[in-house]
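Good morning, and thank you for making the time. I would like to take the group through one model, element by element.

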There are 2 protein chains.
Amino acid sequence: MERAYRIAILGATGVVGTEILQILEERKFPVDSLVLLASARSAGKQLPYRGTFLPVQSLSEKSFEGIDLVFASAGGSISKQWAPQIVQARATLIDNSSAFRMTEGVPLVVPEVNPEDLRAHQGIIANPNCSTILMTLALWPLHQVRPIKRVICSTYQAASGAGAAAMAELQDQTRDVLAGRDPNPQAFPHPIAFNLFPHNSPMTENRYCEEELKMIYETQKIFHDPYLRVSATCVRVPVLRAHAESINIEFHEPFPIEEATNLLKQAPGVMFTENWQSNTFAMPLDASGQDPVLVGRVRQDLSCPEALELWLCGDQIRKGAALNAVQIGEWLVQNDLVSHKSDLVSRV
Amino acid sequence: MERAYRIAILGATGVVGTEILQILEERKFPVDSLVLLASARSAGKQLPYRGTFLPVQSLSEKSFEGIDLVFASAGGSISKQWAPQIVQARATLIDNSSAFRMTEGVPLVVPEVNPEDLRAHQGIIANPNCSTILMTLALWPLHQVRPIKRVICSTYQAASGAGAAAMAELQDQTRDVLAGRDPNPQAFPHPIAFNLFPHNSPMTENRYCEEELKMIYETQKIFHDPYLRVSATCVRVPVLRAHAESINIEFHEPFPIEEATNLLKQAPGVMFTENWQSNTFAMPLDASGQDPVLVGRVRQDLSCPEALELWLCGDQIRKGAALNAVQIGEWLVQNDLVSHKSDLVSRV
């Protein structure tokens with residue numbers, strides 16, 4: 001009989017947490033027991049799972065006793081606070097926050113790209129930033145054949161990346177504006193209805209916001225290439241749950257469109273999507289709820305013989321977060337890597 | 001006494017036509033008489049001007065008799081059809097369509113950039129594409145000091161670029177979607193409510209849509225630099241009337257941020273807009289109804305020492321179309337260039 005695992009979802013009531021629960025069910029993850037954890041505020045709620053309802057429990061010191069695998073999606077400070085207990089309890093943490101992504105000894109993994117990095121895990125595994133995951137799925141199959149020299153990406157990011165309150169704000173505020181009322185931003189710092197703005201993550205001293213730096217440094221870590229040249233401009237747009245990205249990729253030599261197209265058509269996690277006749281390409285509405293990232297509109301850059309332009313859309317909640325985390329869990333299960341004998345706890 | 005001119009607005013009832021009328025009034029354009037022209041369908045409508053109402057007349061063979069200056073914004077086929085009559089009537093056409101933009105002998109002008117090109121006009125002057133106008137205002141002051149090597153632009157384009165029906169569709173369709181009804185695209189080929197898609201202008205054989213090629217070829221013509229390397233990805237977003245652009249600009253040498261910032265602060269037609277402390281930059285809602293293009297968020301590109309990243313927003317209807325056309329008219333008036341003795345008519 002296949003081994004089953006004792007799972008906890010930390011941040012179970014959030015957008016990503018509820019999606020993880022749903023994906024565990026959809027993909028028949030080998031679950032022995034399932035504990036839903038959240039703040040005291042959400043304790044007592046019930047979430048549907050395999051035809052029944054599971055109670056949400058309040059997070060406590062004893063939450064991780066006897067747990068094998070924790071999917072965390074409750075923000076960086078919660079992850080930082082609880083990671084030592086999780087690892088000490090000999091559970092393995094798959095963390096959706098940015099808390100440990102750049103920490104040495106913590107694999108940062110997109111299963112279609114660098115699953116082998118999971119072999120060295122010491123109890124904590126980081127799930128990359130949503131925009132990064134989507135971009136790496138399109139870049140990796142090309143980078144394998146002709147190494148990338150430089151990437152310039154502009155994003156069109158959905159409200160979902162800022163959580164359920166932000167998605168509700170987009171809808172409510174849009175209703176207000178259509179009714180002639182002034183927008184009243186709460187979840188976002190600026191109006192989002194019929195508007196857009198550079199990503200609201202904290203600004204860094206080099207004038208990139210944190211979201212943009214994540215796309216740079218995380219891609220370098222995932223690709224094992226600290227010198228890969230990447231620039232990003234991240235923008236929040238009035239879309240609900242799927243991100244889009246306009247990506248210019250410069251190689252060291254010309255990359256024939258047909259070859260790039262064929263590689264992307266065969267790439268795991270990618271659904272190649274372009275119709276030049278009807279001028280139809282991936283759109284957030286099409287990508288929403290889908291597992292693969294929709295990639296296409298591959299063009300020869302007219303400004304540079306060595307560069308291609310491409311376009312992608314991907315569900316921020318699924319492949320951008322919950323699905324990627326569950327896929328990491330699946331790879332651990334398949335390779336009997338769920339457990340660990342970590343000394344990482346002393347370092348986090 | 002200052003000379004006043006007999007003006008006609010062709011396409012007076014459209015989004016851009018009504019804005020031209022309003023801007024002529026706002027800026028006290030020296031109007032002797034004003035004729036509003038549109039299709040038979042719109043004839044009889046009344047539009048407000050200087051405290052009164054002007055009737056819209058149906059376009060006919062005699063519409064341009066005794067007219068000095070025609071502002072046309074009724075689409076490329078109407079412009080092509082009527083340009084010969086306009087020029088033959090010795091009126092000068094300032095055309096908002098793409099019909100003559102790349103025609104030799106037709107100046108393509110952003111008054112802050114290449115007004116001197118107007119001196120050679122032969123009766124037809126082209127107003128550039130909206131995204132192009134906005135981009136050139138930000139690029140030109142930098143290009144004057146350190147020539148640009150390559151530009152990579154991704155746009156976030158408002159519904160207004162597709163006309164009044166498209167703006168109404170964005171609002172109506174959003175109302176439908178919020179009420180749980182399916183989107184019913186008419187003006188756009190795809191749903192626009194809470195969605196976005198690569199620009200729906202016709203696709204060309206090199207896999208750039210026409211809007212993208214306009215940004216390339218028009219910028220080259222305006223800058224008198226046919227070898228300027230530009231690539232563009234144009235995207236339609238659910239915003240009403242202001243476009244945004246994420247622009248990566250590579251020079252032949254590093255361009256200090258402070259110097260670029262100072263140049264942009266002094267640049268005509270530009271309002272420099274960035275607040276790093278509060279993480280606030282130009283947004284479509286701020287740019288809507290404004291004359292200048294809002295430019296800022298100037299960053300050193302971390303992937304290339306010779307490149308800068310910047311961000312802009314501009315009102316697509318005003319500076320992107322109507323205002324630029326009226327400014328061209330003003331420059332003609334100031335330099336006594338409204339009239340012409342053209343032989344261009346034989347060539348268009």
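This is a predicted model: local features need pLDDT of at least 70, side-chain atom pairs count only at pLDDT 80 or more; totals for chains, interfaces and linings use all residues.

Contact here means that the C-beta atoms of two residues, placed from the backbone, lie within 7 Å. Helices (H or I, at least four residues) and strands (E, at least two) are DSSP runs, numbered from the N terminus.

Residues are numbered from 1 along each chain as its sequence is written, and chains are lettered from A and ligands numbered from 1 in the order in which they are written.

Helix α1 of chain B comprises residues 15-26, and its 12 residues reach 17 Å from first C-alpha to last, close to the 16 Å expected at 1.5 Å a residue; the expected span is 1.5 Å times one less than the number of residues. How many of its 12 residues are buried? Nine are, so the helix is mostly covered; a residue is buried if 20 or more other C-beta atoms lie within 10 Å of its own, exposed if 12 or fewer, and partly exposed in between. Among the buried ones are B:Val16, B:Glu19, B:Ile20 and B:Leu24. After the helix comes B:Lys28, with a positive phi near 50°.

**The six-stranded sheet**

Chain B also holds an open sheet of six strands with mixed pairing, in the order β10-β8-β12-β17-β16-β13. Two strands pair if DSSP finds at least two bridges between them. At the edges are β10 (229-233) and β13 (270-272) of chain B, each pairing on one side only. Neighbouring strands are turned by 25° against each other on average, direction ignored; axes are lines fitted to C-alpha atoms, for helices over the stretch in contact, and angles run from 0 to 180 degrees between N-to-C directions.

Five bridges link β8 (residues 148-156) of chain B to β10(B) in the parallel sense, and B:Cys153 stands opposite B:Ala232 there. Helix α5 (residues 210-222) of chain B packs on the sheet and touches β8 and β10 of that chain, its direction making about 160° with that of β10(B).

**How the chains meet**

Chain A superposes on chain B by a rotation of 180° with 0.0 Å of shift along the axis (RMSD 0.0 Å). That is the relation of a two-fold axis. The superposition is by least squares on C-alpha atoms of residues with pLDDT of at least 70 in both copies. The contact takes 48 residues from each of chain A and chain B. On the side of chain A, elements giving two or more residues include β8, α4, β12 and β16 of chain A. Why do the copies meet through the same surface? Because 100% of the interface residues of chain A are also interface residues in chain B.

Finally, A:Gln300 sits in strand β16 of chain A. With 20 C-beta neighbours inside 10 Å, this residue counts as buried. Not counting residues up to four places away in sequence, A:Gln300 touches A:Ile257 and A:Leu308.
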